[in-house]
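Have a look at the sequence and the structure below, and keep both in view while you read.

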Amino acid sequence: MSTEVKLPLEEEQPLALRTPRADEAGVGEVAAEQTHGPRRILVLGATSGIAEACIRLWANRGDALYLVARNEDKLAVVAADARTRGASHIGSAVANLDDTNAHPEVLAHAINSLGGLDVAFLALGVLGEQPEAEKNFAAADQILHTNFVAPVSLLTWLANYAAQRHAGTLAVLSSVAGERGRKSNYVYGSSKAGLTAFVDGLRNRIDRDGVRVMTIKPGPVKTAMTEGMKGSGKFADVEAVAASLVKAIDRGDDVVYVPGIWRVIMAVIRAIPERVFKKMNL
Ligand SMILES: NC(=O)c1ccc[n+]([C@@H]2O[C@H](COP(=O)([O-])OP(=O)(O)OC[C@H]3O[C@@H](n4cnc5c(N)ncnc54)[C@H](OP(=O)(O)O)[C@@H]3O)[C@@H](O)[C@H]2O)c1
């Protein structure tokens, strides 16, 4: 798959990662800045409902943002709103993140624009059509590619960048759906199960290098992804979810269930014996 990546002209810079400017923080200072100062945050999938709500909070407190999304018009609206709220820097790129070949270029450009990286927030994802994916491998492949293969490509590059610098937080939106295959959405669930295992393993590899790697598992949240679903009126409010996530990312928690009650719910769901579970309509 190949698509054009559109990077804004005013930010054209060499794509090779440059060395930090003399006035940019060193390794120890970056760690201090993560808890105290404005942060340099890269958002991949910046038009996601959950990401947009986080971006509003980060912009309100003056963080520096680099936003990547595939829809140029939606991205322009999110970027303009963040600028109005007081983000200290806004950079952006239009990119279909399914195109893994473009990832090094997009990521290098983002980091050059931000002058470093404190947080990378991966929010891209598709729910897909489970009934279609049951019949048609191409539909299943698309879900697995966007939710698993593309994030693995992004995280491989970002993890090596962050580990070399002994700094940074990689915060990844997986899902509670990855904790147990259910008949109603096991294709999406398996993409998230793969992502969770990858992110968990990555954390075990690079935590000792000073990089925080976060597995975020939301329960159902009211966003475009869940619009019109049965029971969606009772799903979690996206602003409340974002407020919890922004705090958790500041702390660099390992595994985050949001809302927190989903840690308990999933413990119960995982404990149901398979002979019972396979007869349930979940
Ligand atoms: N909402 C929930 O209940 C829930 C629960 C658990 C986990 N999650 C996860 O949380 C993340 C954010 O979801 P959300 O609820 O905020 O849903 P959303 O509003 O539908 O956001 C998904 C985002 O992913 C973007 N995207 C999809 N494929 C892409 C691609 N190839 N390149 C670039 N961007 C791409 C979409 O772009 P477009 O705007 O252009 O379509 C959209 O901005 C997803 O990973 C989702 O699986 C959501």
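Start in the loop between H6 and strand E5 (169-173), which is where His 166 lies. His 166 has a positive phi of about 55°, although it is not a glycine. Keep in mind that everything here comes from a predicted model.

How far can you trust what you see? The mean pLDDT of the protein is 90, and 87% of its residues reach 70 or more. Two stretches call for care, though. Over residues 9-16 pLDDT stays under 50, and the model has seven contacts beyond four places in sequence for them. Residues 18-36 also stay under 50, with 18 such contacts beyond four places in sequence. Where pLDDT is low, the predicted coordinates should not be read in detail.

Now for another loop. Pro 259 has its place between strand E7 (255-258) and helix H9 (261-271). The peptide bond that joins Val 258 and Pro 259 is cis, with an omega of about -10°.

On to the helices. Two packed helices are described by the angle between their axes and the distance between the axes. Take helix H6 (residues 137-165) and helix H7 (residues 186-206): they pack at an angle of about 10°, and their axes are 8 Å apart. Since angles under 35 degrees count as roughly parallel, that makes H6 roughly parallel to H7. To find the contact on the H6 side, look for residues including Ala 140, Ile 143, Leu 144, Phe 148, Leu 155 and Ala 163. On the H7 side, the partners include Val 187, Tyr 188, Leu 195, Phe 198, Leu 202 and Ile 206. By class, the contact of H6 with H7 has 15 nonpolar, three polar and one charged residues.

H6 has another neighbour to look at. The axes of helix H4 (residues 103-114) and H6 come within 10 Å and cross at roughly 45°, which makes H4 oblique to H6. The crossing of H4 and H6 is right-handed. From H4, the contact takes His 103, Pro 104, Leu 107 and Ile 111, while H6 brings Ser 153, Leu 154, Trp 157, Leu 158 and Tyr 161. Sorted by class, the contact of H4 with H6 has seven nonpolar, two polar and no charged residues.

Then there's the pair of helix H2 (residues 49-60) and helix H8 (residues 238-251). Their axes come within 8 Å and cross at roughly 60°, so H2 and H8 are oblique to each other. The crossing of H2 and H8 is right-handed. Gly 49, Ile 50, Ala 53, Cys 54, Leu 57 and Trp 58 in H2 are the ones to pick out. They meet residues of H8, among them Val 238, Glu 239, Val 241, Ala 242 and Leu 245. The contact of H2 with H8 has 11 nonpolar, one polar and one charged residues.

Finally, which residues are the closest to the ligand? They are Ser 48, Leu 97, Gly 125, Thr 223 and Met 225, out of 26 residues that surround the ligand. By class, this shell around the ligand has 12 nonpolar, 11 polar and three charged residues.

Definitions and conventions: Residues are numbered from 1 along each chain as its sequence is written. This is a predicted model: local features need pLDDT of at least 70, side-chain atom pairs count only at pLDDT 80 or more; totals for chains, interfaces and linings use all residues. A residue is near a molecule or strand if its C-beta atom, placed from the backbone, lies within 6 Å of it. Ala, Val, Leu, Ile, Met, Phe, Trp, Tyr, Cys and Pro count as nonpolar, Asp, Glu, Lys and Arg as charged, and the others, Gly among them, as polar. Axes are lines fitted to C-alpha atoms, for helices over the stretch in contact, and angles run from 0 to 180 degrees between N-to-C directions. Helices (H or I, at least four residues) and strands (E, at least two) are DSSP runs, numbered from the N terminus. Angles under 35 degrees count as roughly parallel, over 145 as roughly antiparallel, 65 to 115 as roughly perpendicular and the rest as oblique. Two residues are in contact if their C-beta atoms, placed from the backbone, lie within 7 Å. A crossing is left-handed if the near helix is turned anticlockwise from the far one by less than a right angle, and right-handed if clockwise. pLDDT is the predictor's confidence in each residue, from 0 to 100.
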